[in-house]
Amino acid sequence: MSEFVAFYEAQAKDAFSDIPWLLDIQQKALNDFLRLGFPNKHQEDWKYTSLAPFLKNSFAVDKSKSIVKERSNIPFAAGKTIHFCNGQLVEETLAAIPLPNGVLVNSLRKACVQHKDKLQPFLTSFFPARDGVHALNTAMLDQGLFIYVPADVLLDEPIVISHAQDKSHQASFIRHVVILEPGSRATVIEDYQGDDLVEYHTNTMTTIHLSASSHLTHYKIQREGKLSHHLGQLSAVLATGSQLDSHSFSIGGQLVRSDTSIHFQEPNASCLMNGIYAPTGKQHMDHHTEVIHNAPDCHSEQDYKGVLNGQSRAVFNGRVIVAKGAYHTRAEQQNKNLLLSTGTEVDTKPQLEIFADDVSCTHGATVGQLDEEALFYLATRGIGRADASRYLVQAFVGEN
Amino acid sequence: MLDINQLKVSISDKSILKGIDLKVGAGEVHVIMGPNGSGKSTLSKVLAGHPAYQVTGGTIEYNGCDLIPLAPEERARAGLFMSFQYPVEIPGVTNINFLKAAVNAVLTGQGKKSLDAIEFLSFIREKCKLLDMDESFLYRSINEGFSGGEKKRNEILQMAALEPKLAILDETDSGLDIDALRVISGGVNAMRSPSRSIILVTHYQRLLNYIEPDFIHVLSDGRIIKSGDKSLALELEDKGYSWLKESEEV
């Protein structure tokens, strides 16, 4: 593994900024990475997910400009999508986005120069490196967007970011920073896709900073190429009365790890986390969520569902921490899995750690199969197994 | 229509049906009665094609074809219908979507044109009227939270919508109050036609006050031990099944 650590160390040094404060952040993160290395199965959080398939090859950043032919766009966002092709921002697509006064959607690189005061505090303070993957993302800080919505601005149109890759053994390191000032509202959609015949790597992290009474709706559509390795993180800090709705949809990639981390820092905030993962073939998808209630009267609700086919494997690990003093916390967590074939496996682990009184927390996990009696019932009405399965899977995904 | 010959059926190596002979002609209504555990429901499920039951001997001919190799959905498309004793609840799938998929699967299976959404809506509304069913039924999940009577009514609605050639009603009357029984019998009677055959599986004679059968068969321990006309039901009500079993032993 050390050869890969050395390889990515060299990659990170290539990515070092000439802006001193940013370079400082990168250097510290690189030291973290060198200290932590890549996660391995001896770490509890990586018990069921091995990075070995990813660490068979090295994936290098390619700074040349390219345009990737995308499988499909998000239909309503045609012409209004910001594109990253093979890890590099396509500047023209950013320039074409119409924005209300005061709203900033900049390249991270430009924002580091022009909006240092707004951005700098959010690149380090809240999220210390949790593991080598996270640290490497910070060490590689270069590509990504800075999204800033001023106080009381309500953005009607979603900000749509598409990431597409079609180069073999190429790596894309992305960091998006989303800041909503008090009373503002926005929707951000992140779409990841790529060529099914090409083995590439994505390491992406989005940090969200919600000020008082702001409201963000975030969608992540992970439909990467079937050979890709996708390591993604979403972290959010919520202030008084703010709200985050997070919807995650995961079908692509051969090795997928998704970490979501929600921090309630002030009272009366709420967070909804919906997730669907549907691996097939030999795909491996690992979703880790962590909700930290550090303040009273907050509400978190998680509903993650898995539909597994082929010989795929999924992991769900949901941790809810209710810190001392976070009274009146309401935290709900649910993970349901449907196994469609005998070769599938799911490891699900809900965790509650409660250090406060007067809280209401629930969690539950289920693993099941299609109901054979329901399939027979539908068959006796002329509906064959394929269609009947489709109905039952849709019903499973749709139910609460 | 249906010709069952020396049918033997097992479930997980336990023999349930031990040689059934039954002929059902077009337009006839047959009743199968018998004590608990005699194999009545097994016969219904085998005819519908339940995968848990193994046919270990005999033949089932349906309209001149061998029924046994057909999958349940193929049987349904060929015009065979079974009303479940315990209809399955399927949360998240609305009745109307289910009924439309079923009707169109059967129509296309029979080489007919499928119904579009508008055609289907007026078609199914007519059927609801026939069974005195509120249209709100259509927009609920299949059988979810339905009372026993509502589930049975939903079964008959499906039968009315699928317009089968052969309908097997497995204990459709059990758990019904008098009013529901009357409505459901009315629905079944409205479906009677010279080209449609019906097999009623029941415990009780009272259903026969509403639906007049052509033949009655008594099933006991996997065999039909007595067949007769409708007067047999009255005799059974009077003397119980033990009368037949004793006479068999003698």
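Predicted model: local features only at pLDDT ≥ 70, side-chain atom pairs only at ≥ 80, totals over all residues.
Residues are numbered from 1 along each chain as its sequence is written, and chains are lettered from A in the order in which they are written. Local features need pLDDT of at least 70 and side-chain atom pairs count only at pLDDT 80 or more, while totals for chains, interfaces and linings use all residues.

**View 1. An open sheet of four strands in chain B.** The strand order is β2-β1-β4-β5, with antiparallel pairing. Strands here are DSSP runs of E with at least two residues, and helices are runs of H or I with at least four residues, numbered from the N terminus; two strands pair if DSSP finds at least two bridges between them. β2 (14–24) and β5 (65–66) of chain B are the edge strands, each pairing on one side only. Strand β1 (residues 2–11) of chain B is joined to strand β4 (residues 53–62) of chain B by eight bridges. B:S10 has B:Q54 in β4(B) as its bridge partner.

**View 2. The largest nonpolar core.** Such a core is a set of buried Ala, Val, Leu, Ile, Met, Phe, Trp, Tyr and Cys residues joined through C-beta atoms within 7 Å; a residue is buried if 20 or more other C-beta atoms lie within 10 Å of its own, with C-beta atoms placed from the backbone. The largest core has 77 residues, and A:L378, B:F81, B:A102, B:I168 and B:L200 have the most contacts inside it. Helix α3 (residues 95–109) of chain B gives the most to this core, seven residues. Another core, of 67 residues, lies apart from it and includes A:A111, A:L119, A:A164 and A:I208.

**View 3. Helices α3 and α5 of chain B.** The axes of α3(B) and helix α5 (residues 148–162) of chain B come within 10 Å and cross at roughly 35 degrees. Axes are lines fitted to C-alpha atoms over the stretch in contact, and angles run from 0 to 180 degrees between N-to-C directions. From α3(B), B:L99, B:A102, B:V103 and B:V106 meet B:Q158, B:A161 and B:L162 of α5(B). Contact means that the C-beta atoms of two residues, placed from the backbone, lie within 7 Å.

**View 4. The contact between chains A and B.** Chain B contributes 22 residues and chain A contributes 16 residues. On the side of chain B that touches chain A, α2 (72–77), β7 (90–94), α3 and α5 each supply at least two residues. The largest share of that side, five residues, comes from α3(B).

Definitions and conventions
Buried ≥ 20, exposed ≤ 12 C-beta atoms within 10 Å, placed from the backbone.
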